[in-house]
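Okay, thanks for coming, everyone.

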Amino acid sequence: MAKASLVIAEDMNGIRCSLEDGFGMRGYDVHAFPDGKQALNYLLAPTTPPQFLITDLGMPILDGYGLLNGIANLYSIPTIIYSSDDPDLAKIAYSGKIIVCPKTKFGTVDLLESVVCQELGLEKFVFPPCT
């Protein structure tokens, strides 16, 4: 059974794949999309809503602000804004809980998982020691 379900919206392939693989290896059910429109379409489908959303703000087709506007009246999913863009507009557009994590080059999955675990009351994944 998965630890928690996450939706990730990130247009940069390397970052999206790193987050998808990193969370997947840690036991999360991950659905990752390259733009806000695909993520929004998934979130609007009649499925069980994810427990967490991680989104970039500056994406093509539909940006993170549009994604948050699109779900504002439907869900109140805790959301991590993982972006170098200004998150203040997103806070206005979305009434759910927003946590801002600026993009960093190192320890990204570890940092974001710490936030997810803290918010959902989960135990953080610990890699077994090398022998």
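Let's begin at the start of helix 3, where a side-chain oxygen of D63 comes to within 3.2 Å of the backbone nitrogen of Y65. Before I go on, please keep in mind that what you see is a predicted model.

So, helix 3 covers residues 64-71, and six of its eight residues are buried, so the rest of the structure largely encloses it. If you want to find them on the screen, look for G64, Y65, G66, L67, L68 and I71, which are the buried residues of helix 3.

Now let's move to helix 2. A contact of that kind turns up here: at the start of helix 2, a side-chain oxygen of D35 reaches to within 2.9 Å of the backbone nitrogen of K37. Which residues of helix 2 are buried? In this helix, residues 36-44, they are G36, A39, L40 and L43. Those residues span an arc of only 100° around the axis, which means they sit on the same side of helix 2. And what do the buried residues of helix 2 pack against? Their neighbours are strand 1, strand 2 and helix 3, and that brings us back to the helix we started with.

Let's zoom out for a second. The protein chain has five helices and five strands. Reading from the N terminus, the order is β-α-β-α-β-α-β-α-β-α. The chain has 131 residues, and buried residues make up 45% of them.

Next, the inside. The largest nonpolar core has 19 residues, and the ones touching the most other members are F23, Y28, I80 and L112. Which elements give two or more residues to this core? They are strand 1, helix 1, strand 2, strand 3 (52-55) and helix 5. The largest share, five residues, comes from helix 5.

Let's stay with F23. Leaving out residues up to four places away in sequence, F23 touches L6, I8, Y28, V30, I54, V109, L112, E113 and V116. Keep E113 from that list in mind, please. There is also a second, separate core of 17 residues, and V7, Y65, I77 and I98 are among them.

One more thing about F23. How far apart are D110 and F23 in sequence and in space? They are 87 residues apart in sequence, but 9.0 Å apart in space, C-alpha to C-alpha. D110 belongs to helix 5, and with a relative accessibility of 37% it counts as partly exposed.

Okay, back to E113. The count of salt bridges here comes to two. In one of them, E113 pairs with K3, and the closest N and O atoms are 3.2 Å apart. That pair ties together distant parts of the chain: E113 is in helix 5 (residues 108-120), K3 is in the segment before strand 1 (5-9), and they are 110 residues apart. Are these two buried or exposed? E113 counts as buried because its relative accessibility is 0%, while K3 is partly exposed, at 25%.

E113 also meets R26 in a salt bridge, at 3.1 Å from N to O. This pair links distant parts too: R26 is in the loop between helix 1 (13-25) and strand 2 (29-33), and it is 87 residues from E113 in helix 5. R26 has 11% relative accessibility, so it counts as buried. Through shared partners, the salt bridges join K3, R26 and E113 into one network.

Last stop: E10. You'll find E10 in the loop between strand 1 and helix 1. Is E10 buried or exposed? It's buried, because its relative accessible area is 1%, and the cut-off for buried is under 20%. A polar atom of the E10 side chain lies 2.9 Å from the backbone nitrogen of M12.

That's my tour, so let's go back to the picture and talk it over.

Methods: Residues numbered from 1 in each chain as written. Predicted model: local features only at pLDDT ≥ 70, side-chain atom pairs only at ≥ 80, totals over all residues. Heavy atoms only, no water. Salt bridge = Lys/Arg side-chain N within 4 Å of Asp/Glu carboxyl O. Helix = DSSP H or I, 4+ residues; strand = E, 2+ residues; numbered from the N terminus. Buried < 20%, exposed > 50% of the residue type's maximum accessible area, 1.4 Å probe, protein only. Polar contact = N/O pair within 3.5 Å; in protein donor to acceptor, adjacent residues only side chain to side chain. Arc of directions from axis to C-beta. Contact = heavy atoms within 4.5 Å. Core = buried A, V, L, I, M, F, W, Y, C linked by side-chain atoms within 4.5 Å.
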